[in-house]
Amino acid sequence: MLGYVVAWVVYLASALAMLWVYQRGIARLLPENIRPVLAVLMLCVLLTPWPIDQETWLLAPAIIATMFNVFSGFGIAALKSLSAILLVSTIACFIAWLKTRKFY
């Protein structure tokens with residue numbers, strides 16, 4: 001269980017490092033109204049949790065669960081974990097887009 005917690009800490013630290021790299025470098029090249037939407041989309045893809053299997057219900061990032069299911073040949077399980085990413089990212093990007101809109 002300690003390895004599981006350490007893996008999550010390392011994964012969260014690397015996701016935050018990727019967000020820092022995005023904000024300091026890549027975001028400056030993009031239009032100002034798209035920057036927060038892309039940051040939210042990146043964090044949704046990286047941080048959406050999904051259970052690895054149905055017996056233990058240990059959570060893993062859904063993008064990693066999707067990749068493992070695709071490489072293992074489990075198409076339905078890959079679509080299930082991908083649907084969680086799509087749902088979370090759609091809702092979060094819509095909210096981020098609403099926050100960036102300027103209502104006159």
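Me: What pattern does the chain follow, read along the sequence?

Reply: Read that way, the pattern is α-α-β-β-α-α, and the total comes to four helices and two strands. Helices (H or I, at least four residues) and strands (E, at least two) are DSSP runs, numbered from the N terminus. Please keep in mind that this is a predicted model: local features need pLDDT of at least 70, side-chain atom pairs count only at pLDDT 80 or more, and totals for chains, interfaces and linings use all residues.

Me: What makes Trp-8 and Tyr-11 an edge-to-face pair?

Reply: Let's take the rule before the values. Rings of Phe, Tyr and Trp (its six-membered ring) pair if their centres lie within 6.5 Å; planes under 30 degrees apart count as stacked, over 60 as edge-to-face and the rest as tilted. Here the ring centres are 6.0 Å apart and the planes stand at 85°, so the pair is edge-to-face. A search of the whole structure finds one aromatic pair.

Me: Why are Trp-8 and Tyr-11 about one helical turn apart?

Reply: Trp-8 and Tyr-11 are three residues apart in helix α1 (residues 2-26), and therefore about one turn separates them.

Me: Why is Cys-44 called buried, and what is Trp-97 called?

Reply: Buried means under 20% relative accessible area, exposed over 50%, and partly exposed in between (1.4 Å probe, protein chains only). Cys-44 has 10% relative accessibility, so Cys-44 counts as buried. Cys-93, at 15%, is buried as well. Trp-97, in helix α4, has 41%, so Trp-97 counts as partly exposed. Trp-8 and Tyr-11 are both buried too. Across the chain, buried residues make up 25% of the 104 residues.

Me: How do you know that Cys-44 is in no disulfide?

Reply: A disulfide is a pair of cysteine sulfur atoms within 2.5 Å. By this rule the count comes to zero. For Cys-44, the nearest cysteine sulfur is that of Cys-93, 5.9 Å away. Cys-93 is in no disulfide either, with the sulfur of Cys-44 as its nearest.

Me: Why is α2 called roughly antiparallel to α4?

Reply: Two packed helices are described by the angle between their axes and the distance between the axes. Axes are lines fitted to C-alpha atoms, for helices over the stretch in contact, and angles run from 0 to 180 degrees between N-to-C directions. Angles under 35 degrees count as roughly parallel, over 145 as roughly antiparallel, 65 to 115 as roughly perpendicular and the rest as oblique. Helix α2 (residues 35-47) and helix α4 (residues 75-100) pack at about 160°, with their axes 9 Å apart. That angle makes α2 roughly antiparallel to α4. Where they meet (contact means heavy atoms within 4.5 Å), the residues include Val-40 and Cys-44 in α2, and Cys-93 and Trp-97 in α4.

Me: What makes α3 roughly antiparallel to α4?

Reply: Helix α3 (residues 62-72) and α4 pack at an angle of about 160°, with their axes 8 Å apart. That angle puts α3 roughly antiparallel to α4. Among the residues making the contact are Ile-63 and Val-70 of α3, with Leu-82 and Ile-85 of α4.

Terms used. Residues numbered from 1 in each chain as written. Heavy atoms only, no water.
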